[in-house]
Amino acid sequence: MNILVTGACGFIGSNFIRYEKENYNDHFIILDKLTYAGSIENIKDIIDSITFIKGDICDEVLVEDIFKQYDLDIVINFAAETHVDRSIIDPDVFIRTNVYGTGCLLKNCVKYKVKRYHQISTDEVYGDTALDSGYRFKESDPLCPNNPYSATKAGADMLVMSYHNTYGLDTVITRSSNNYGPAQHIEKFIPQMIDRINNDKDILIYGEGNNKRDWLYVIDNCNIIDQIMRKAPCGIYNIAAGQEYTNLDLAYKVLDLMGKDHSYIRHIADRKGHDLRYALDITKINDLGLFPTGDITEGLRKTIAWYKENRSRLEDEKTDDYNEYLRKNYGE
Ligand code: NAD
Ligand code: DAU
């Protein structure tokens, strides 16, 4: 099969493409703009065995050329602006890439009769629940996003659903909880903690640190995405591992695993509109025989070890753009 994977130089996409190359002989075409969040380093071990195209999913001419040139069977879209804090500072690029870019891919899927379109979405599209709620969002729940990032992801999901309904395009949407693991950008909570501890700096916790997230090891997510992309009926699928932690408890866990005491915690001003708790009902994937089981302690151990071996990666990400972002977001 010819499979177009967009955003495969980022965190989840690069883990996914490596997983695919290890398990299948399909022809993979990668389209990635290489924004601040994407790096060719992430796929350097497999670059000779895939087709890499540097470009923007919003570039109408380029995207149509790719669809024309390759007889695509599947398009899977990881490409997105992904950091909530950046979306609060400047939403425009999120609207462009996440909504317009998705539309550009969908349009060509219909025109060139692609067999399946897979949208990589997020648990954030459902909005949040109260901290003490035991509720888990189901795929049939209404979308109720709370920040510019999640609003654009919800917009993209709605476009995908509309293309299925209107044009009969075969579509799947996977909505996963927070991923962690190798090659995540330093701006995200876990790599940032690892980097700050490595440099003997305090960990920065927004507000009280009681917000809850459900952490999924990235390889477990890739495994399930793969099964859904290849085998699942058209539809929407939640993916989570049921590893729910408050931010503070997660920070304690990372400190313990890295041999530091809890005095390294520093509370700072809260994120604007900070979602309290995300939680997903995963009955639908369980019914397909899919069970993400990753244990967070083991996953964090592997993640910390990866960043130890690849310490230069975090250093490479400390660019002028990153320093500017730190100033805007943390006043650092
Ligand atoms: P990331 O920020 O690490 O990587 C995004 C990739 O997309 C980068 O390689 C970047 O260069 C590329 N990209 C950005 N804009 C582009 C454009 N206009 N054209 C082409 N390429 C472009 O992202 P991630 O954390 O790996 O997330 C991947 C997908 O998974 C996103 O759709 C995100 O919404 C979703 N998701 C992420 C998480 C998570 O915890 N990281 C959880 C749920 C869902
Ligand atoms: O839930 C899925 C989403 O997870 C994805 O759709 C997003 O693309 C991804 O970025 C992630 O969003 P979060 O906002 O949950 O992840 P982040 O790593 O930015 O933050 C995790 C939690 O930690 C969140 O409650 C905010 C908090 N936090 C984060 C940072 C960066 C802090 O307390 N301090 C920090 O410095």
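Strand S5 gives the most to the shell around ligand 1, with three residues; strands here are DSSP runs of type E with at least two residues, and helices are runs of H or I with at least four, numbered from the N terminus. The model is predicted: local features need pLDDT of at least 70 and side-chain atom pairs pLDDT 80 or more, while totals for chains, interfaces and linings use all residues. Residues are numbered from 1 along each chain, chains are lettered from A and ligands numbered from 1 as written, and side-chain values use heavy atoms without hydrogens and water.

**Around ligand 1**
- Among the 28 residues around ligand 1, Ile12, Asp32, Thr82, Tyr149 and Lys153 come nearest; a residue counts if one of its heavy atoms lies within 4 Å.
- The shell has 11 nonpolar, 13 polar and four charged residues, where Asp, Glu, Lys and Arg count as charged and Gly as polar.

- A polar side-chain atom of Asp56 lies 2.8 Å from a nitrogen atom of the ligand; polar contacts are pairs of N or O atoms within 3.5 Å.
- A backbone N or O atom of Gly10 is 2.9 Å from an oxygen atom of ligand 1.

**The three-stranded sheet**
- An open sheet has the strand order S7-S9-S11, with mixed pairing.
- S7 and S9 (residues 212–217) pair in the parallel sense over three bridges; two strands pair if DSSP finds at least two bridges between them.
- The bridge partner of Asn179 in S9 is Leu216.

Technical notes
A polar contact is a pair of N or O atoms within 3.5 Å; within protein, one must be able to donate a hydrogen and the other to accept it, and residues adjacent in sequence count only if both atoms are side-chain atoms.
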